[in-house]
Amino acid sequence: MSGEGFDAEEALQSAVGLLVTLVEACGAVVIIVGALWAFVRFVGVGLRRRDASAFVPVRLVLGRFLALGLEFQLASDVLRTAVAPSWEQLGQLAAVAAIRTALNFFLSREIDEERRQVAEEEQRSAVGSSRTAT
Amino acid sequence: MTGALDAAALAVVAAALVSAGVVLVSTRRPAAALPVLLDLLTAAGLLRLAAEPSWQRIVSAAAVVALRHLVVHGLRAGAAAWSVAGSGQSVTAGPDLQRLGVRARAGRPGQVQRRGR
């Protein structure tokens, strides 16, 4: 390989490394903010209410934060595949991407399911209150 | 960045324990506290994965994700099983069942009521 080619490859690797760090940091910030927000809400709701269903909306929002953070992390995984020098690193990358993809899939499904349950409960309570009013 | 992410993951683990404790004390239902604990532990696992991927971290994150999935589905399946049992025959809710948040109502087939205060 020529000296110029080596330089270009190195420059590409450092540029991708910088991008990977940036995108992964964004994902980490989203997850940290979501976890902190959920912690404050869990403690606040726990001190004010004793109903287990009061925690479901907080879990839904935390799930959305996690899903968004996962999207960023998956983006950084895709970027990393551009420069994965060894089979060991490639294997780890594949495992991490598989975990993140599976978690993203299950989180989205759970969010949909819980959202549906919350809507059903709201509808049921609305029907119950209208019946007692009449 | 690895050190900062490790510290953040540790803080999230502490937040998970405190949150689950608050939910447990507030509702007196482990079934309500467990998903809270596992959700925040999942967040901590994701932060650790972002820090520096190693096989040990990958396996532990996968274990938390699998455990979370297993617990969520186990609780849902258990609740569904109790509701089916309640529709076929009269079932008196015991303390364990009440802790799960499901109360089978005798004489009202197929109906499940969440326990709330």
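**Chat about the model**

Visitor: Before the details, what kind of model is this?
Guide: It's a predicted model.

Visitor: OK. How many helices and strands does chain A have?
Guide: Chain A has three helices and zero strands. Going from the N terminus, the order is α-α-α.

Visitor: What box do the C-alpha atoms of chain A fill?
Guide: Along the principal axes, the box is roughly 85 × 25 × 20 Å. The radius of gyration of chain A is 22 Å, while a compact globule of 134 residues would have one near 14 Å.

Visitor: What percentage of chain A is buried?
Guide: Buried residues are 25% of the 134 in chain A.

Visitor: And for contacts in chain A with a separation of 6 or more, what share comes from residues 24 or more positions apart?
Guide: That share is 76%.

Visitor: Switching to the interface: how many residues of chain A are in contact with chain B?
Guide: On the chain A side there are 33, in contact with 34 residues of chain B. α1 (3-48), α2 (56-80) and α3 (87-133) of chain A each supply at least two residues of the side that touches chain B.

Visitor: Which of those gives the most?
Guide: α1(A), with 14 residues. By type, the side of chain A that touches chain B divides into 20 nonpolar, eight polar and five charged residues.

Visitor: What about the largest nonpolar core, which residues touch the most other members?
Guide: The core has 47 residues, and the ones touching the most other members are A:Ile31, A:Ala35, B:Val12, B:Leu40, B:Ala43 and B:Leu47. Elements giving two or more residues to this core are α1, α2 and α3 of chain A, plus α1, α2 and α3 (55-88) of chain B. The largest share is from α2(B), with 14 residues.

Visitor: Let's zoom in on A:Ile31. What does that residue touch, leaving out residues up to four places away in sequence?
Guide: In chain A, A:Ile31 touches A:Phe65, A:Leu66 and A:Gly69. Across in chain B, A:Ile31 touches B:Ala43, B:Leu46 and B:Leu47.

Visitor: Where does B:Arg28 lie?
Guide: In the loop between α1 (2-27) and α2 (30-51) of chain B.

Visitor: Why does B:Arg28 count as partly exposed?
Guide: Because B:Arg28 has 14 C-beta neighbours inside 10 Å, whereas a buried residue needs 20 or more and an exposed one has 12 or fewer.

Definitions and conventions. Residues are numbered from 1 along each chain as its sequence is written. Chains are lettered from A and ligands numbered from 1 in the order in which they are written. This is a predicted model: local features need pLDDT of at least 70, side-chain atom pairs count only at pLDDT 80 or more; totals for chains, interfaces and linings use all residues. Helices (H or I, at least four residues) and strands (E, at least two) are DSSP runs, numbered from the N terminus. The radius of gyration is taken over C-alpha atoms; the globule rule is 2.2 Å times the number of residues to the power 0.38. Two residues are in contact if their C-beta atoms, placed from the backbone, lie within 7 Å. Ala, Val, Leu, Ile, Met, Phe, Trp, Tyr, Cys and Pro count as nonpolar, Asp, Glu, Lys and Arg as charged, and the others, Gly among them, as polar. A nonpolar core is a set of buried Ala, Val, Leu, Ile, Met, Phe, Trp, Tyr and Cys residues joined through C-beta atoms within 7 Å.
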